[in-house]
Amino acid sequence: MLLELRDVHVHYNKVAALKGIDMGIPDQGMVTIIGANGAGKSTTLRAISGLTRISKGEIVFDGQRIDKLPPEKIVALGIAHVPEGRRIFPDLSVEENLRTGAFLRKDHAEIEKDLKDVFRRFPRLEERRSQWGRSLSGGEQQMLAIGRALMSRPKMLILDEPSMGLSPVMVDEMASIIRDIMERGVPVVLVEQNAELALKLARFAYVLETGNIALEGPAKELHDNEHVRRAYLGA
Ligand code: ATP
């Protein structure tokens with residue numbers, strides 16, 4: 001496993017948001033975490049990237065314990081987190097936003113190559129490369145946030161609700177972009193309210209319920225699971 005969470009607990013003040021979860025993310029493919037509002041999905045992602053401290057357990061990435069490292073060290077190890085909502089820099093251009101993703105890198109020629117690659121992947125961003133971040137539509141900002149994460153050349157990509165607020169056409173476009181990233185060998189951890197989409201894209205899935213893992217298994221199996229269908233797929 002590239003990433004392992006072992007008995008991870010998170011408390012906000014005295015309230016437990018994660019109550020001892022175990023998860024494994026393999027070197028390839030996509031794992032999804034689905035669950036209702038407040039189940040602890042974003043907390044799990046924030047614990048991985050060091051934005052929220054865990055109160056018990058351990059998180060191991062690429063053979064190294066990371067749960068006590070500051071977020072910038074975790075980014076440097078190769079974990080890129082695209083948070084919920086579109087946290088781009090509104091007052092930087094599209095290109096400048098993308099370049100901030102590479103701020104820890106010194107390999108200038110490779111950075112230029114990756115910028116070309118992001119523009120090839122997201123032609124809409126290339127057309128708008130000199131526009132302010134704030135002038136982009138919601139879907140374009142979401143693409144920019146993902147493009148910026150790719151500029152760090154991550155070993156793993158963490159996506160929190162990439163489909164949120166997107167039109168159906170944009171959701172399809174986003175899905176094919178995520179699939180493409182995964183197929184090029186970057187493992188993805190995906191959190192989605194849109195369980196139908198998440199279970200279609202991912203290989204393996206975890207269902208979080210009030211801070212515990214209620215179910216886990218191959219995404220196809222969970223998609224056919226009676227409880228999942230009733231609780232998350234509106235069947
Ligand atoms: P959503 O789909 O609504 O984003 P989620 O599954 O991502 O939900 P989390 O955001 O991880 O859920 O929240 C888990 C629990 O922890 C919730 O009860 C939430 O209210 C609580 N929580 C999250 N962040 C904080 C915080 N900074 N301070 C206090 N409580 C928090």
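In this predicted model, leucine 5 stands opposite methionine 23 of strand E2. The two residues belong to a pairing in which eight bridges join strand E1 (residues 3-12) to E2, the two strands running antiparallel.

E1 and E2 are part of an open sheet of four strands, whose order is E2-E1-E4-E5 and whose pairing is antiparallel. Strand E2 (15-25) and strand E5 (64-65) are the edge strands, each pairing on one side only. Helix H1 (residues 41-48) packs on this sheet, where it touches E1, E2 and E4; the direction of H1 makes about 115° with that of E1.

A second sheet is also open; it holds six strands in the order E6-E7-E8-E3-E9-E10, with mixed pairing. Strand E6 (79-82) and strand E10 (212-218) each have a single partner strand, so one side of each is left without a neighbour in the sheet. From one strand to the next, the twist averages 15°. Within this sheet, strand E3 (residues 30-35) and strand E9 (residues 204-209) run parallel and are joined by five bridges. One of the residues involved is glycine 35, whose bridge partner in E9 is leucine 208.

| Strand pair | Bridges | Direction |
|---|---|---|
| E1 (residues 3-12) and E2 | eight bridges | antiparallel |
| E3 (residues 30-35) and E9 (residues 204-209) | five bridges | parallel |

Helix H6 lies across E6 and strand E7 (156-160), and runs at about 170° to E6. How do the axes of helix H6 and helix H7 cross? The axes of H6 (residues 138-150) and H7 (residues 168-183) come within 11 Å and cross at roughly 10°. H6 and H7 are therefore roughly parallel to each other. On the H6 side, the contact is made by Gly139, Glu140, Gln142, Met143, Ile146 and Leu150; on the H7 side, by Met170, Glu173, Met174, Ile177 and Ile181. Sorted by class, the contact comprises seven nonpolar, two polar and two charged residues.

The confidence values complete the picture. The protein averages a pLDDT of 94, and 100% of the residues score at least 70. Among the elements of the protein, strand E4 (residues 56-61) has the highest mean pLDDT, 98, whereas H7 has the lowest, 90. For the complex, the predictor gives an ipTM of 0.94 and a pTM of 0.93.

How values were computed:
Residues are numbered from 1 along each chain as its sequence is written. This is a predicted model: local features need pLDDT of at least 70, side-chain atom pairs count only at pLDDT 80 or more; totals for chains, interfaces and linings use all residues. Side-chain values use heavy atoms; hydrogens and water are left out. Axes are lines fitted to C-alpha atoms, for helices over the stretch in contact, and angles run from 0 to 180 degrees between N-to-C directions. Angles under 35 degrees count as roughly parallel, over 145 as roughly antiparallel, 65 to 115 as roughly perpendicular and the rest as oblique. Contact means heavy atoms within 4.5 Å. Ala, Val, Leu, Ile, Met, Phe, Trp, Tyr, Cys and Pro count as nonpolar, Asp, Glu, Lys and Arg as charged, and the others, Gly among them, as polar. pLDDT is the predictor's confidence in each residue, from 0 to 100. Two strands pair if DSSP finds at least two bridges between them.
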